[in-house]
Amino acid sequence: MLIKGAILILQENEILADMHTHTIFSLHAHSTVLENIQAAKSRGLKFLAVTDHFYQDGSSLNQKNEVTRIRHLEETVNLGGEPYVFAGAEFNIGQEIHKRHQLELLRWRPIGLHAWFIDRKNLTLEHLLELFDEATGWHNAFVHIERELDKLDNHRHGKALDSEVKNFFAEMVALAKAKNIWLEVNESSIRRNSGGDGDRLRYWIKLARDNGNKIYLGSDAHFAGRVGDFKFSLELLNEVDYPKNLILNCDYDQLAALRSI
Ligand SMILES: [Zn+2]
Ligand SMILES: [Zn+2]
């Protein structure tokens with residue numbers, strides 16, 4: 001962890017929540033809700049968002065069942081102790097949702113770009129920005145906005161932080177600020193740096209800091225052992241001196257308030 005002078009700017013024990021975690025309901029993740037809760041508890045977290053991928057895009061009955069399952073998760077698993085579990089889902093740009101108004105029943109609704117729902121080869125940065133803009137009507141957070149940009153538009157940008165990619169991030173932070181959307185610092189993007197994800201995140205986080213964006217930390221854990229692991233995120237946020245008051249995970253009152261939206 002980076003030390004400025006003699007002071008640790010942001011320390012692990014100030015992180016009260018993990019806002020991006022997966023369970024076996026994501027089908028490619030490996031832990032149950034209970035295992036994730038126990039992992040969060042052992043790290044001293046007070047809040048845990050369960051954000052399995054929202055896959056059930058087949059029949060409307062499947063979708064209804066998925067919304068019902070997620071909605072009832074919160075009242076089923078919260079037995080009065082800590083962490084408090086938020087029922088959420090990770091949504092996908094380009095995904096067809098039959099009854100979008102049902103999404104309002106879910107507490108935490110981050111959306112991001114994923115490989116499975118859209119033809120990335122023909123997707124341009126301009127179009128992606130429009131899709132994120134449309135999504136602000138239904139979603140309250142943008143998840144890993146740096147992810148998969150190297151694969152867009154016939155790999156036009158690759159890992160390069162060219163002027164178009166830089167402009168995309170400038171537009172995204174402006175959009176998020178204007179529409180009151182949380183931006184995610186994704187631990188997994190930095191740790192893996194697959195396709196240049198971590199480098200792109202390192203670029204936009206400075207724009208977000210200068211623009212005063214509200215952000216949150218998500219481990220993107222697909223295994224209980226990764227829940228609440230923010231080693232690289234903390235290093236980055238300390239490196240860029242991100243204002244603590246703009247980080248949801250450090251703000252008990254804001255996290256508690258999420259329970260009633
Ligand atoms: Zn996943
Ligand atoms: Zn994701």
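**Asp153 counts as partly exposed, with 17 C-beta neighbours inside 10 Å.** The model is predicted; local features need pLDDT of at least 70 and side-chain atom pairs pLDDT 80 or more, while totals for chains, interfaces and linings use all residues. Residues are numbered from 1 along each chain as its sequence is written, and chains are lettered from A and ligands numbered from 1 in the order in which they are written. A residue is called buried if 20 or more other C-beta atoms lie within 10 Å of its own, exposed if 12 or fewer, and partly exposed in between, with C-beta atoms placed from the backbone. Asp153 is found in helix 4. Helices (H or I, at least four residues) and strands (E, at least two) are DSSP runs, numbered from the N terminus. The phi of Asp153 is near 50°, a positive value in a residue other than glycine. Most residues other than glycine have a negative phi, and most peptide bonds are trans.

**Glu148 also has a positive phi, of about 70°, although it is not a glycine.** This residue lies in the loop between strand 7 and helix 4. Glu148 is buried, because 20 other C-beta atoms lie within 10 Å.

**The peptide bond from Glu82 to Pro83 is cis.** Its omega is near 0°. Pro83 sits in the loop between helix 2 and strand 5.

Two strands pair if DSSP finds at least two bridges between them. A contact means that the C-beta atoms of two residues, placed from the backbone, lie within 7 Å.

**Strand 3 and strand 4 pair in the parallel sense over three bridges.** Thr21 stands opposite Val50 in strand 4. Strand 4 is mostly covered, with six of its seven residues buried.

**In strand 8, five of five residues are buried.** Trp182, Glu184 and Asn186 point one way from the strand, and Leu183 and Val185 point the other way. In a regular strand the side chains alternate between the two faces of the sheet. Strand 8 (residues 182–186) pairs with strand 9 in the parallel sense over four bridges. Across this pair, Glu184 stands opposite Tyr216, and the bridge partner of Val185 is Leu217. Strand 7 is joined to strand 8 by two bridges, and these two strands run parallel. Here Ala141 stands opposite Trp182.

**Helix 3 has buried residues along one face.** Leu128, Phe132 and Ala135 are buried in this helix. Seen down the axis of helix 3, its buried residues fall within an arc of 55°, so they line one face; the arc is that of the directions from the helix axis to the C-beta atoms. On the other side of helix 3, Glu126, Glu130 and Glu134 are exposed. The cover over the buried residues includes strand 6, strand 7 (141–142), helix 4 (152–155) and helix 5 (163–178).

**Asp119 lies in the loop between strand 6 (110–112) and helix 3 (125–135).** Asp119 counts as exposed because it has 7 C-beta neighbours inside 10 Å. From C-alpha to C-alpha, Asp119 and Leu152 are 8.5 Å apart in space, and they are 33 residues apart in sequence.

**Ala17 is one of the residues that touch the most other members of the largest nonpolar core.** A nonpolar core is a set of buried Ala, Val, Leu, Ile, Met, Phe, Trp, Tyr and Cys residues joined through C-beta atoms within 7 Å. This core has 66 residues, and Phe47, Leu48, Phe142 and Leu183 are named along with Ala17. Leaving out residues up to four places away in sequence, Ala17 touches Leu45, Lys46, Phe47, Leu48, Asn249 and Leu255.

**Ala256 is located in helix 9 (residues 252–258).** Ala256 is partly exposed, with 13 other C-beta atoms within 10 Å. The C-alpha atoms of Ala256 and Leu16 are separated by 11 Å, although the two residues are 240 residues apart along the chain.
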